[in-house]
There are 2 protein chains.
Amino acid sequence: MKTITIKDVAARAGVSPKTVSRVINSESYVRPELRATVQKVVEELGYRPNAFARELSSSRSFLLGLFFDDPASPYAADLQRGALARCRELSYHLVVEQLDRECAGWLEECEASLRAVRLGGAVLTPPLCDWEELLDLFERYAVPVVRISPGDDLERTSRVEMDDRGAAREMTEQLLALGHRDIAFVQGNPTHHAAARRLEGFRAAMAAAGLPVPASRALQGDFTFRSGLEAAERLLGGGERPSAVFAANDEMALAILVAAMRIGIAVPEQLSIAGFDDSAIARMAWPQLSTVRQPNFEMAATAVDLLTHPQRAAGSTTPETCLLPHAVVMRASTAAAAGAESAALS
Amino acid sequence: MKTITIKDVAARAGVSPKTVSRVINSESYVRPELRATVQKVVEELGYRPNAFARELSSSRSFLLGLFFDDPASPYAADLQRGALARCRELSYHLVVEQLDRECAGWLEECEASLRAVRLGGAVLTPPLCDWEELLDLFERYAVPVVRISPGDDLERTSRVEMDDRGAAREMTEQLLALGHRDIAFVQGNPTHHAAARRLEGFRAAMAAAGLPVPASRALQGDFTFRSGLEAAERLLGGGERPSAVFAANDEMALAILVAAMRIGIAVPEQLSIAGFDDSAIARMAWPQLSTVRQPNFEMAATAVDLLTHPQRAAGSTTPETCLLPHAVVMRASTAAAAGAESAALS
DNA sequence: ATACGATCTGACATCGATGTCAAGCACCTG
DNA sequence: CAGGTGCTTGACATCGATGTCAGATCGTAT
């Protein structure tokens, strides 16, 4: 199959390649009739400019990079769907990269990648959105970056985020409204800053209600199912157990749920459980998990928007921020605390 | 940051760019000493050839496409991890594309993509590995294709697969060995050919045991959790219920599990449940799902191998087949049938 | 009529690599 | 010694687009 190049279009339209280039890039200074003619030929031939050639000559690239730490998590999957959807609307393409900080030479390898494939922009997801060396790298290569839910150096790049703190606070308030007083929190991976903000939100709500949060009620987890199981063991294994557990993501919440069932604790009658993310698995559990809907899809799509929309007007550099709305979703894994006079539902 | 080009290397090594090109492509006819010198300069400068320029001049591309129908499924996530891992080993890069057959003009859009971004190869996952128009398209553009678990036209391209039929048969045999006689099967999405093969395996095992499979025991599903719930409703809602259910993937198995718990059927005491895929969620359920481990990660990695390893020796065209091993994994969601004298464990 | 700016257009070099080809050289062979 | 043959190297064109710049055209103010 012969490739259709800009020359083919030019020849057929009776103009020079440069003029065709002007038309497809909607530059000014082309006579309207000519523009129309060229436009028509482009359609007829179904011509698409070769992205590689374009990037070579203009160092403007139509490839965006999506960088993950763990591309297999449901969270990553949602982000990817969002980025992908927007990319195709804009006829950009998405190159997925996985980075592992444990792996020696990751930075060099990433740099090598950048040299080999010049990207038009990069979306950095947690936790690597906070790896300083990585930000430096992109800066050196002048690759525009948008970060999702970053924790540090907020002004350094454009970013897309949600109000993790507020959302966690709201969820906690819901639990309080259900009459729970002894609530435990299972923290997320400490390298994700969002994890810390969720804990803050929890603490804030508890403090506002005048309730203490002893160390034994703020367990460390790392967003994995396994870490949730470990937390559950400490929490439900012996001693007095809380009447509700709020986990910083759904996978850990699910682990608490599974552990509870294994021991024979009824959910939500004896124990309320809430998660965070509203990932697909939240609805695949029984009972279905109460959780916070995080707009992952939209966040990634917005990130792509920021990368592609030339906000160059401002001389290329006012990092923008987009705050996307969340929603607390109460399902069946939470209920009024046993023996509590049901508090007013705010 | 100034980009390091082949000329920089050439100048520093005191040779022509062409010679550097020869070295980095390990072509023959370069004096060993010279080769070493150039090699050294390449290292010193950390030179990486620009993938775009390379593709432009040689029409050999270092970008592979990974094509999905639904990139958010756990199955897709596993495949992607595998492909990604292998790509980075080989310094290839992975462009992810999502295709939706419902979306009008999908084929044209895909063609436009191919023209814009010339791919060095494509990995097609189910179900789009069986879309004939798509195969035609790649053939027209001479893009090498490897399909994962295709159903039709097997000889048309290289492929990577597992023995779905055999695996389903083995799992069924396990259930039979546990004393189950009334076993229901929940089928997968009929557009995935693997779904049909799994059903065949089930039927074969049942037939071998001299057991009938009435229509009411082979329900239609489509691999989604929701379809599993619907199947469960018909299966457990009323009338005589089976003693075991084998679902064609884990998500549907999980749905059966959830439905059973909701109605108060004890698993595995009153109902055994088996899934297929061994996706992450199989271990996040309680009880943990018995399932078939499908080597998704390895399958995708192998697909990348096939695409990149120049099996050009054979004049470019003996499609290869790789059959990867599976494993039946019995966990806690299955047990001996109630009241059955435990049959011999084969 | 002349000059001038604004609009249009195309020739040509360029991006960074590889394909082609021919030249240079050493080593045989007859 | 003429004439291969095989190895080694670089000059130059090329891939498909865009940047630069100069030339052409037109209307209009001087």
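Which residues have the most contacts inside the largest nonpolar core? In this predicted model, they are V123(A), I256(A) and V123(B), and the core to which they belong has 195 residues. In soluble globular proteins, nonpolar side chains tend to be buried together. The points below go from chain A as a whole to the contact between the chains, and then to some details of the backbone.

- Chain A contains 12 helices and 12 strands, and its C-alpha trace spans about 85 × 40 × 40 Å along the principal axes.
- Of the 346 residues in chain A, 50% are buried.
- When contacts in chain A between residues at least 6 apart in sequence are considered, 71% of them join residues at least 24 apart.

**Where the two chains meet**
- On chain B, 39 residues are in contact with 39 residues of chain A, and the elements of chain B that give two or more residues to this side are α4, α5 (74–89), β2 (93–98), α6 (106–116) and α11 (250–263).
- The side of chain B that touches chain A is made up of 25 nonpolar, five polar and nine charged residues.
- Helix α4 (residues 51–58) of chain A packs against helix α4 (residues 51–58) of chain B at an angle of about 125°, and their axes are 9 Å apart.
- Because angles from 65 to 115 degrees count as roughly perpendicular and those over 145 as roughly antiparallel, α4(A) and α4(B) are oblique to each other, and α4(A) passes α4(B) in a left-handed crossing.
- This contact is made by F52(A), A53(A), E55(A) and L56(A) from α4(A), together with F52(B), A53(B), E55(B) and L56(B) from α4(B), and these residues divide into six nonpolar, no polar and two charged.

**Details of the backbone**
- The peptide bond from V267(B) to P268(B) is cis, with omega near 10°, and P268(B) is placed in the loop between α11 and β9 (272–274) of chain B.
- A cis peptide bond also runs from W286(B) to P287(B), with omega near -5°, and P287(B) is found in the loop between β9 and β10 (291–293) of chain B.
- Y29(A), although not a glycine, has a positive phi of about 65°; it lies in the loop between α2 (17–24) and α3 (32–45) of chain A, and it counts as exposed because it has 6 C-beta neighbours inside 10 Å.
- D153(B), which is not a glycine either, has a positive phi of about 50°; it lies in the loop between β4 (145–148) and β5 (158–162) of chain B, and with 13 C-beta neighbours inside 10 Å it counts as partly exposed.

Notes
Residues are numbered from 1 along each chain as its sequence is written. Chains are lettered from A and ligands numbered from 1 in the order in which they are written. This is a predicted model: local features need pLDDT of at least 70, side-chain atom pairs count only at pLDDT 80 or more; totals for chains, interfaces and linings use all residues. Axes are lines fitted to C-alpha atoms, for helices over the stretch in contact, and angles run from 0 to 180 degrees between N-to-C directions. Helices (H or I, at least four residues) and strands (E, at least two) are DSSP runs, numbered from the N terminus. Angles under 35 degrees count as roughly parallel, over 145 as roughly antiparallel, 65 to 115 as roughly perpendicular and the rest as oblique. A crossing is left-handed if the near helix is turned anticlockwise from the far one by less than a right angle, and right-handed if clockwise. Two residues are in contact if their C-beta atoms, placed from the backbone, lie within 7 Å. Ala, Val, Leu, Ile, Met, Phe, Trp, Tyr, Cys and Pro count as nonpolar, Asp, Glu, Lys and Arg as charged, and the others, Gly among them, as polar. A nonpolar core is a set of buried Ala, Val, Leu, Ile, Met, Phe, Trp, Tyr and Cys residues joined through C-beta atoms within 7 Å. A residue is buried if 20 or more other C-beta atoms lie within 10 Å of its own, exposed if 12 or fewer, and partly exposed in between; C-beta atoms are placed from the backbone.
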